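Dear colleague,

Please find below the structure that I am handing over to you. My notes on it follow.

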Amino acid sequence: MTERPYVLDAQIGYVLRRVTQRHLALFSDAIPEVTTTQFAVLARLAELGPQSQNALGRETALDAATIKGVVDRLARQGLVSTFPDPDDRRRLTVDLSEEGRAVFLRLVPTALEVSARTQGPLSKVEQRQLLDLLMRLV
């Protein structure tokens, strides 16, 4: 029985981590105001409107503890507001503040440029193919 060698550079998790690290570095250089995770929360709120904190966590693929921390930090920065759900006061609803909406809209062009720079080595066709393939993995 011949064992296949383990080549780290051929492992999807390792390659994805390296691509993520590159993207995070580009993002933090271009947008120091918020993290990529915080930006994702702002983007989902801009897209979907007010959400329960739990729903927002699901929409951004964050667990309950992580979304709570992200929302708390964004609230301290004045970028989101939170309020009890009128139908279930135990549930916290999160929405963009006016400042949060303005910051998000101001950062969108830069965020798009960061995505373009991350994918820069690929042709437009390859960029679409890569995203399509990655979406099949989630």
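**Findings in the predicted model**

Of the protein's 138 residues, 28% count as buried. Please bear in mind that the model is predicted.

Regarding overall form, the protein has a radius of gyration of 18 Å, whereas a compact globule of 138 residues would have one near 14 Å. Along the principal axes, its C-alpha atoms fill a box of roughly 65 × 40 × 25 Å. Among contacts between residues at least 6 apart in sequence, 49% join residues at least 24 apart.

The protein contains six helices and three strands. Starting at the N terminus, the order of these elements is α-α-β-α-α-β-β-α-α.

Two helix pairs deserve attention. In general, a pair of packed helices is described by the angle between the axes and the distance between them.

Helix 2 (residues 36-48) packs against helix 5 (residues 98-118) at an angle of about 110°, and their axes are 10 Å apart. Helix 2 and helix 5 are therefore roughly perpendicular to each other, and helix 2 passes helix 5 in a left-handed crossing. On the helix 2 side, Phe39, Leu42, Ala43 and Ala46 meet Arg101, Phe104, Leu107, Val108 and Ala111 of helix 5. This contact comprises eight nonpolar residues, no polar residues and one charged residue.

Helix 2 also packs with helix 4 (residues 64-76), at an angle of about 80° and with the axes 10 Å apart. These two helices are therefore roughly perpendicular as well. Thr37, Gln38, Val41 and Leu42 of helix 2 make the contact with Ile67, Val70, Arg73 and Leu74 of helix 4. By class, five of the residues in this contact are nonpolar, two are polar and one is charged.

Yours sincerely

Methods:
Residues numbered from 1 in each chain as written. Predicted model: local features only at pLDDT ≥ 70, side-chain atom pairs only at ≥ 80, totals over all residues. Heavy atoms only, no water. Axes fitted to C-alpha atoms, helices over the stretch in contact; angles between N-to-C directions. Helix = DSSP H or I, 4+ residues; strand = E, 2+ residues; numbered from the N terminus. Parallel < 35°, antiparallel > 145°, perpendicular 65-115°, else oblique. Left-handed = near helix turned anticlockwise from the far one by under 90°. Contact = heavy atoms within 4.5 Å. Nonpolar A, V, L, I, M, F, W, Y, C, P; charged D, E, K, R; others polar. Rg over C-alpha atoms; globule rule 2.2 N^0.38 Å. Buried < 20%, exposed > 50% of the residue type's maximum accessible area, 1.4 Å probe, protein only.
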